Structure formats: structure tokens, C-alpha cells
Amino acid sequence: MIEIQNVRKSFGPLEVLKGIDLTVQRGEVLTVIGGSGSGKSTLLTCINGLEPIHSGKILVDGTEVHAKSTNLNKLRQKIGIVFQQWNAFPHLTVLENVTLSPRKVLGMGKAEAEVIAEKQLKHVGLGDKLSTYPSRLSGGQQQRMAIARALAMSPDYMLFDEVTSALDPQLVGEVLETLKMLAEEGMTMICVTHEMTFARDVSDRVAYFHQGIMAEIGAPDQLFGDPQHPETRRFLASVR
Amino acid sequence: MFDTALSSSDLLFLAKGAGMTIIVTVISVTIGTVLGILFGVIRVQLGAVLSAPLTFFLDIFRSVPLLIQLVLANAFMGMVLRLQLSGFTVACMVLSLYTAAYCSEIVRGSIDAVPSTTRRAARSLGMSWAQDMRYIVMPLATRVALPSWIGLALGVMKDSALVYVVQVTELLKSTQILITRLQEPLFLLMICGAFYFLISFPLARFGGYLEKRWSND
């Protein structure tokens with residue numbers, strides 16, 4: 001369970017998160033929508049401790065992420081995150097990209113890590129690209145590799161930060177299909193996205209962020225069908 | 001022009017000088033690179049403000065002509081610290097720091113060239129700072145640094161000609177000694193240049209080979 005309690009965060013004088021309260025249960029798929037600068041991506045990077053917060057608390061399975069005593073390297077093993085920029089390790093093959101962390105962080109043997117990596121890469125449809133270098137892959141393939149790389153750590157939670165925003169339009173579908181498949185398998189996911197159809201189809205709940213606050217949260221049918229907050233209505237009207 | 005008094009023992013004398021050039025270069029570039037990596041990483045980690053004293057210290061070695069550094073260091077070691085160091089030792093010390101100063105710039109720039117988003121991805125997979133450095137930053141930064149580092153190593157090799165001022169008889173000094181005796185400056189300088197070329201060429205080719213191998217395409 002991820003518990004976000006009254007979290008505030010600023011970049012300099014700009015407050016990007018103004019007291020967020022949110023709980024995500026195991027097995028739940030939450031999508032977060034909202035305009036740029038609404039704080040939704042920042043929230044994700046705070047959840048796995050890549051960014052500090054200024055007040056409030058984030059608990060992952062009861063462990064306070066930003067407590068000094070928390071071993072973040074350990075905690076991050078159970079929170080996978082995939083970014084807008086897929087961030088392949090360009091000097092490693094696809095297989096090595098995926099085996100690196102299981103081997104070095106989890107201390108797995110090479111053979112064992114490769115079995116897991118191959119399984120995950122097949123899962124995302126890259127079973128025939130194992131010895132290819134990332135520079136030879138399309139954006140969509142690199143993004144799916146990044147997903148497999150995160151999944152190889154067997155995380156309990158997956159965070160997706162606008163994973164299709166940097167892709168050519170014709171490559172968006174293949175990545176969304178991968179996310180859909182994970183959702184159907186019961187992975188706990190928080191997806192920040194601009195893909196409204198995806199949000200509607202896949203989510204258990206959808207949250208709308210506006211200028212650092214969570215203006216509205218609800219089931220997809222309710223949020224898209226009958227938005228309560230005026231800002232949500234304005235936003236949905238503008239993206240349709 | 002090719003009717004020369006140069007004997008085979010003279011050639012051997014030049015080869016010995018070339019050997020000295022290689023030894024001084026290998027020692028200085030090795031120590032300088034190790035120090036340069038250390039200083040470069042420290043400068044990246046501390047940031048510009050905190051590492052300002054170190055940067056200033058290294059800038060001295062980059063800004064003052066090597067000839068002056070050698071003469072002053074030699075005098076300082078002997079007259080101030082009263083150390084009985086050989087010219088060879090002083091030459092290696094000065095050239096090492098000279099190399100380290102340039103190398104730390106290369107290292108700093110190359111580490112900065114690794115996208116912060118890539119490092120963030122590594123950390124998000126549970127890697128520690130040290131693991132990120134070892135498995136992601138260093139391999140990528142090395143690829144960026146290689147051409148500049150090869151240039152630096154070749155530069156230091158040629159600059160090592162100046163260590164004659166602290167009584168180290170390397171290639172150019174050996175050549176000058178022969179010039180004084182044989183009075184054939186142009187011919188001897190040609191031979192000397194050929195020696196320098198023979199030393200440089202393999203290193204330059206090796207750099208090209210590594211660059212190609214690391215390009216992943």
C-alpha cells in the first residue's frame with residue numbers, strides 16, 4: 001500500500017505539490033491526469049525518493065520513504081519506475097540492460113538473471129532483440145525495454161511517468177498495450193498519462209491534478225462521465 | 001644531404017633517449033590519469049563552489065608554462081625542501097600534476113556529459129551511488145573522454161621534451177647532443193621527429209580502434 005499524507009514540495013519559490021493526500025491499495029491501477037506543471041510527475045519521483053519532499057509523509061508498505069533511516073536503494077527494489085525518456089543504458093545490450101540490476105543490486109548469478117530478463121523481455125515483445133544495442137531499437141521498443149528492466153526487479157509497485165509522451169504517435173499503441181497487460185495481471189500501478197482513452201479503460205481510479213492539488217479523484221466512469229470539479233470539466237473539455 | 005656521419009651507436013643513443021621519453025610519459029600519464037580521475041570525480045561531487053580551491057590549484061598547472069614549472073619545482077625541491085631528488089623524479093612529479101590538471105577537466109566534462117536522466121534511471125533500479133558510478137557513469141564517460149585523453153597523452157609525450165631543463169636526457173636532448181657533435185641539425189631533427197612519430201602512432205591508432213569498438217553500431 002502506498003500512503004501519501006499531506007505532501008508538500010517546492011522547487012525554489014514554486015510550490016508544485018500543495019498538500020496531496022492519496023492512498024493506493026495493492027492491485028489497484030491509478031491513473032493521474034492533469035495539465036503540465038500540475039505536479040503529477042513530481043509526485044511519482046517523490047514516491048520512490050528520487051526527489052525530497054518538504055512536509056508530509058509518503059509510506060510504502062508502512063516504510064516512510066523520506067525518513068533518514070530508510071534505505072532507499074532497498075526500498076526502490078520494490079518500486080519500479082519508467083520515465084517519459086526511456087533512458088536505455090546505451091553501452092549495454094538489451095539483455096544486459098535488463099540483467100544489470102538483478103545481478104548487481106539483488107546479487108543474482110548471470111544465468112539466473114538472464115532467465116528472468118529473457119522472460120520479461122519476451123513478455124513485452126522483445127524476445128528477439130536480446131543481443132541488440134538500444135541505439136538499434138525504435139522509441140517504442142526502448143520504452144518496452146525500460147519496462148522489462150523495471151519488471152526484472154520483481155517490484156510490487158510500478159510507476160509510469162508519461163511513458164508515451166515522447167513517442168511517435170504510431171508507437172504509442174504498443175507501449176499502452178504493454179501497460180494494459182500488466183494491469184490485467186494485477187500489478188499495482190500509478191500511471192501519469194495524457195492518454196485519456198487508456199486512463200478510462202484501464203484504471204480503477206482516476207485522479208485529476210491541477211496546480212499542485214488533487215482536484216478530484218474517482219472511478220473512471222464518474223470522473224470522465226460526470227466530473228464534479230469545474231477545473232476537471234474545463235480540462236476534459238480541452239483534451240477532447 | 002644523406003652523406004652522414006651518424007653511426008649505429010649514435011642511433012642507439014637516440015633510441016635510449018626515446019626510451020627515456022617513453023618512460024617519463026608512461027609514468028606521468030599513468031599517475032596523472034589516476035589523480036585526474038580522482039580530482040575530476042571530487043570536483044563533480046563537491047560542485048563548483050566547494051571544489052574551488054582544488055580547481056585553482058590545478059589551474060596553476062594548466063596555466064604556467066611547463067618549462068617554468070619544471071625549473072621552479074626543481075629549485076623548490078632542492079633549495080626550500082632540501083630534498084635530494086633526481087631530475088627524473090622532479091620531471092615525473094611535475095608532468096604527473098600537469099597531466100592530472102588537464103585530465104580532471106576531461107573527467108569532469110565527461111561525467112557531466114552522462115545524462116542525469118540515465119543516472120536517475122539507474123538509481124531508480126536500486127543501484128547505489130557507487131554502482132551507478134561503476135556500471136553506468138564510468139563506462140559512458142570513458143567513451144566521451146577517450147579522444148581527449150588520447151590527445152592529452154600525446155601532448156604530454158611531446159611536452160616531455162622540456163624535461164631536459166632538469167637534466168633528464170630524453171629524445172630531444174639526445175638529438176641536440178648529437179647535433180652539437182655532428183653538425184647535421186636538419187637530418188638529425190628529421191630522425192628525432194620520426195622517433196616521436198613512431199611512439200605516437202600506435203597510441204593514436206589504439207584510440208581509434210577503441211572508439212570504433214565502443215560505438216555499438
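1. Let's start with two helices: helix 1 of chain B passes helix 4 of chain B in a right-handed crossing. A crossing is called right-handed if the near helix is turned clockwise from the far one by less than a right angle, and left-handed if anticlockwise. Axes here are lines fitted to C-alpha atoms, for helices over the stretch in contact, and angles run from 0 to 180 degrees between N-to-C directions.

2. A word on what you are looking at. This is a predicted model, in which local features need pLDDT of at least 70 and side-chain atom pairs count only at pLDDT 80 or more, while totals for chains, interfaces and linings use all residues. Residues are numbered from 1 along each chain as its sequence is written, and chains are lettered from A and ligands numbered from 1 in the order in which they are written.

3. Now for chain B as a whole. Chain B has 8 helices and 0 strands; helices (H or I, at least four residues) and strands (E, at least two) are DSSP runs, numbered from the N terminus. The C-alpha trace of chain B spans about 70 × 50 × 20 Å along its principal axes. Of its 217 residues, 36% count as buried, meaning that 20 or more other C-beta atoms lie within 10 Å of the residue's own, with C-beta atoms placed from the backbone; exposed means 12 or fewer, and partly exposed is in between.

4. For chain A, 45% of the 240 residues count as buried, and the C-alpha trace spans about 55 × 45 × 30 Å along its principal axes. Its radius of gyration is 18 Å, which agrees with the value near 18 Å for a compact globule of 240 residues. That radius is taken over C-alpha atoms, and the globule rule is 2.2 Å times the number of residues to the power 0.38.

5. Back to helix 1 of chain B, which has another partner. Its axis and that of helix 2 (residues 52-63) of chain B come within 8 Å and cross at roughly 130 degrees, so these two helices are oblique to each other. Among the residues that meet here are B:Phe39 and B:Ile42 from helix 1 and B:Leu54 and B:Leu58 from helix 2; contact means C-beta atoms, placed from the backbone, within 7 Å. Helix 1 of chain B also holds B:Ile37, which is buried, with 21 other C-beta atoms within 10 Å.

6. Where do the chains meet? The contact takes 18 residues from chain B and 21 residues from chain A. On the chain B side, helix 5 (116-124) and helix 6 (129-159) each supply at least two residues. The buried residues of helix 5 of chain B include B:Thr118 and B:Ala121. Those buried residues pack against strand 6 (79-82) of chain A together with helix 6 of chain B. After helix 5 of chain B comes B:Gly126, whose phi is positive, near 95 degrees.

How values were computed
Contact = placed C-beta atoms within 7 Å. Parallel < 35°, antiparallel > 145°, perpendicular 65-115°, else oblique.
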